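Thanks for coming. I will take a few minutes to go through one structure, and you can follow along on the screen.

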Amino acid sequence: MGPAPAGAQVRGAAGEPEVMEPALEGTGKKGKKGSSKKRTVAGSPGEGLLQPVKLSRAELYKEPTNEELNRLRETESLFHSSLLRLQVEELLKEVRLSEKKKERIDAFLREVNQRIMRIPSTPETELTDQAWLPAGVQVPLHQVPYAVKGCFRFLPPAQVTVVGSYLLGTCIRPDVNVDVALTMPREILQDKDGLNQRYFRKRALYLAHLAHHLAQDPLFGSVHFSYTNGCHLKPSLLLRPHGKDERLVTVRLHPCPPPDFFRPCRLLPSKNNVRSAWYRGQSPPGNGSPEPPTPHYNTWVLQDTALESHMQLLSTVLGSALGLKDGVALLKIWLRQRELDKGLGGFSGFLVSMLVAFLVSTRKIHTTMSGYQVLRSVLQFLATTDLTVNGISLCLSSDPSLPALADFHQAFPVVFLDSSGRLNLCADVTASTYHQVQHEARLSMVLLDSKADDGFQLLLMTPKPMIRAFDHVLHLHPLSRLQAACHRLKLWPELQDHGGDYVSAALGPLTTLLEQGLGSRLHLLAHSRPPVSEWDISQDPPKHRDSGTLTLGLLLRPEGLTSVLELGPEADQPEAADFRQFWGSRSELRRFQDGAIREAVVWEAASMAQKRLIPHQVVTHLLALHADIPDTCVHYMGGLLDVLMQGLKEVFPPAPIQPAYSFFEHLREQASLLPRPDKPCPAYVEPMTVICHLEGSGQWPQDAEAIRRVRAAFQLRLAELLTQQHGLRCRATATHTDVLKDGFVFRICVAYQREPQILKEMRSPEGMISLRDTPASLCLERATRQLPLLTSALHGLQQQHPAFSGVARLAKRWVRAQLLGEGFTDESLDLVAAALFLHPEPFTPPSSPEVGFLRFLFLVSTFDWKNNPLIVNLNNELTVEEQVEIRSGFLATRLQLPVMVVYTPQDRKSSVWTQDGPSPQILQRLVVLAAEALPVLEKQLMDPRGPGDIRTVFRPPLDMYDVLIRLSPRHIPRHRQAVDSPAASFCRGLLSEPGSLSLMPVLGYDPPQLYLAQLREAFGHLALFFYDQHGGEVIGVLWKPASFQPQPFKASNTKGRMVVSQGEELVLVPNVEAILEDFAILGEGLVQAVEARSERWTV
């Protein structure tokens, strides 16, 4: 997507919203040299621009110190560049805890320790007898089934230990969490507590008693329960300080058993510790089959026993190696920006720390490496190692009693064993999540290896929310439907293992089902479960269905996306039965052209928009067939914005037209039509321009006027031949020939390749000829040479990425809907959209218009237009060195360039497509609107209850305008293309069935645009006019700031002004009443009303 440069203020590691720096007013346009002195005095050109630091000669040639030489040597060997090193160091300073805060946190932890040790003990009772619990606290665990054996009493912890990233020095701001392990005394526990959730019940009761006493202490501002990593069997207690330090830290209390209390052999992944007779109230089938293993349940018990050993391992490895700690902090930021570390099954910071420890043990990472090198090494390992196939282990022991890696692969999708060889650290990580981590790591490695992009900015500073990273997103809501899915898919063993968590139990089978069904259409399927929010100690724990929504993201392959056919095996193959069972009623036998008779599934899709949504049909069909999830529970976010594109008839290919003659007067002598004043304005017909280059010849004249006349003769002869030889209706002018063919109008413009050069020739009085750009030569060169080249390149891009046209159309529709379309050419917006496909980093090129439009809004709102050009490398023609040279040239000539600079391989210096606009104020307005629209649209698309009114972000805010001119829909030819399409509009004189045409339709007739041109000509010195040419019913008028300042009385200044006396002299001020009256008079018949918002301004 093009680098968001260092000068831009983008979202930091903390995830704050982006803020575009104001004031784009500093840049002038090319050719305005006359007022350079005045501008220097105003101080505007350099305002906000990056300037080189000026050093004295002594400072410039001063010898480097030893320390500087060592640092340069380090930078050369450990980093890409010195800039990257500075950026990484600055980021780490931002996210690290300061020493002052550490001292305050340490003091709070000492207080917490004292309070915990003073909590009174309780007498022993049965686990099911919970009457001793005070009224103000609830057990933070779903006790289902309730009946369970065992006794419980509360005793103060045998040991209180700080574990986790705080002690290691790898925790990062803004959310500082300190994990504290409370080792429960042996007297509380009994030998068989590993069975049937007894240990977890005792753990929850222990926390409930702690919570009741700590909540009464004034030291704590809030005392809440939460789930540890989203696991509902393992609640934890969250403590925050009182008063101004409330956001300083969150202390999480984790009760745990003594390290050697549970026998490890009972907690292997193949063992069962939740009996079917207890959990389901019935014995397993009496055919002698063993109890199903409970690998996840066993892992959760083991995790509590290993808290301290993991802490000791990490402190030994990380120890005093500052580079390793920096690397872990950078990896945590990398995961956070990609939302990979959230909730149950997330790839947490702890897993990354253990992965660093593994790579140190295998000598892939050395303790002397810098944080950046650690980041690279871990990403390289993740990108090239598939832990779903080949697990890894920190265990160095060759004890034959330890289970093999293959045993863990049978029980878990992702395998990474700790140093004991019995605990799988990645037990909760699903295959989908790990493949997403792998995918992101591969993208990141490509980014780090490419010298052209600002890797730091894109890798660590650019957020990647699911709605912007995936082409289609679907929400399963309500989650209670997954309970039926578990019954349909016969997932009783998984439910028993997960303690009734039907969302976790169904997640793996559902993702596997959808991956199989989407097949070649799918590149990656990811899921996101919002972390369960914390709850008050007096409330019941949230149920599984209350944990929000299960969101699935689909990253699609453009090459297989639009295929309407799923080809199955031949009818006589044994796989045919499996295919029929998988696809159900959608599978049918078909005979193909090669004579083969195969099973096949055919999806209904006529248009390209419907073909892009075939994954929606696949998902809803498979979920209903195999998981009993009806389509009413599947909220699919893809194609919602297509409705805003389908009304735009003027995009290519347009619909053929057939005018109704009753709407026109027939001009017989010209064989053409004229709109009738008593009828509504006819439909807007825009011809398609065709540039016809004539070959060079010595017979062409060398004079500009003579060339124009020769071209006019060619236009007349071309029309004559097309009429005579092909019977086509033509209308020739001096500059073009309009040709009517099958209801389409083509505008053929003849071009001569040397004409722009001849227009540049300037003859001096001495007879010397010099070449100099003139407005006429630049305009002609743009229309006849550069535009065809750009069109050809964009056509190639569209063939490669079918979503490009949809993204460009949505971008143009949104810009014009904000009434800002006049400031941006079609080509400039096409190029910004093209940048999303040619430079998508850190994403992949979008495969749906919706996600492309979201990224367009993000790019517009965060790109530093003032200090950087947007380089659109069409056909990959520019090398890295050439791009660096372009940036250097941009900085040297910034003040002569337009405010928005877009370069292409054919236009490396002047940014021709933005020469005429936008102005600094218009661009700044667009940036602000994009920054406001993006979070609104993302929130709508991520709302599981449905997006609501998707047109909200396309409606323009009208409160900023001083005057509103309301237009009559009767005379708006493109009225039906409005954002809020009218339920009923006027007939526009088009027949529904195109037939043979004999007369040329009216071309380019748009009364609002003609009215706007008159307004700008008459009042452009006083006001700015804004309009949505796609069916807008209102023109916004904004007075220019200087227009209300009194002007000295001159005859040449009286246009739109009146004379008033100010003191002893006569001055001119705007005659607002007369101007508003003129607005209505100029637009008589078109203008319905003129609303003056006089509360916004005074004369």
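This is a predicted model: local features need pLDDT of at least 70, side-chain atom pairs count only at pLDDT 80 or more; totals for chains, interfaces and linings use all residues.

Salt bridges come first. The structure holds 40 of them, and I have picked a few to look at.

Start with Lys93 and Glu90, whose side chains meet in a salt bridge at 3.9 Å, N to O. How far apart are Lys93 and Glu90 in helix 4? They are three residues apart in that helix, which covers residues 82-95, so about one helical turn separates them. As for exposure, Lys93 has 56% relative accessibility and counts as exposed. Glu90 is partly exposed, at 44% relative accessible area.

The next pair is Arg529 with Asp501, a salt bridge with an N to O distance of 3.9 Å. Here the two partners come from distant parts of the chain, 28 residues apart. Arg529 sits in the loop between strand 11 (522-528) and strand 12 (535-536). Asp501 sits in the loop between helix 19 (492-497) and helix 20 (502-518). Are these two residues buried or exposed? Arg529 is buried, with a relative accessible area of 16%, and Asp501 is buried as well, at 4% relative accessibility. The cut-off for buried is under 20% relative accessible area.

Asp916 is exposed, with 60% relative accessibility, and Arg782 is partly exposed, with a relative accessible area of 22%.

Those were pairs. There is also a network of salt bridges, and it links Glu111, Arg115 and Asp217.

Now to the surface. Which residues gather in a patch of positive charge there? They are Lys149, Lys192, Arg263, Arg266 and Arg275. Take Arg266 as one of them. Arg266 lies in the loop between strand 7 (250-256) and helix 8 (276-279). Its relative accessible area is 34%, so Arg266 counts as partly exposed.

There is a nonpolar patch on the surface too, made of Val53, Leu55, Leu60 and Tyr61. Together these residues have about 480 Å² of accessible area. Val53 belongs to the loop between helix 1 (36-42) and helix 2 (57-60). With a relative accessible area of 72%, Val53 is exposed.

Helix 31 covers residues 849-862. How many of the 14 residues of helix 31 are buried? The count is 14 of 14, so the helix is largely enclosed by the rest of the structure. At 1.5 Å a residue, its 14 residues should span 20 Å, and the end C-alpha atoms are 20 Å apart, which agrees.

Another buried position is Ile965, at 0% relative accessibility. Ile965 is in strand 28 (residues 963-967). In sequence, Ile965 and Ala1080 are 115 residues apart, but their C-alpha atoms are 8.4 Å apart in space.

One joins His477 and Pro478, with omega at about 0°. Pro478 is in the loop between strand 10 (472-476) and helix 18 (481-488). Another cis bond runs from Glu841 to Pro842, where omega is near 5°. Pro842 is in the loop between helix 30 (826-838) and helix 31, the helix I described as largely enclosed.

Then there are positive phi values. Glu339 is not a glycine, yet its phi is positive, at about 55°. Glu339 lies in the loop between helix 11 (322-337) and helix 12 (349-361), and it is partly exposed, with a relative accessible area of 40%. Asp628, also a residue other than glycine, has a positive phi near 55°. Asp628 is in the loop between helix 24 (614-627) and strand 17 (634-637). At 32% relative accessibility, Asp628 counts as partly exposed.

That is the end of my list, and I am happy to go back to any part of it.

Methods: Residues are numbered from 1 along each chain as its sequence is written. Side-chain values use heavy atoms; hydrogens and water are left out. Patches are made of residues with over 30% relative accessible area and no salt bridge: like charges are joined within 9 Å, nonpolar side chains (Val, Leu, Ile, Met, Phe, Trp, Tyr) within 5 Å. Accessible areas come from the Shrake-Rupley method with a 1.4 Å probe; for residues, only the protein chains shown count as cover. A salt bridge is a side-chain nitrogen of Lys or Arg within 4 Å of a carboxyl oxygen of Asp or Glu. Lys and Arg count as positive and Asp and Glu as negative; His and the chain ends are not counted. The place of a charge is taken as NZ of Lys, CZ of Arg, CG of Asp or CD of Glu. Helices (H or I, at least four residues) and strands (E, at least two) are DSSP runs, numbered from the N terminus. Buried means under 20% relative accessible area, exposed over 50%, partly exposed in between (1.4 Å probe, protein chains only). The expected span of a helix is 1.5 Å times one less than its number of residues.
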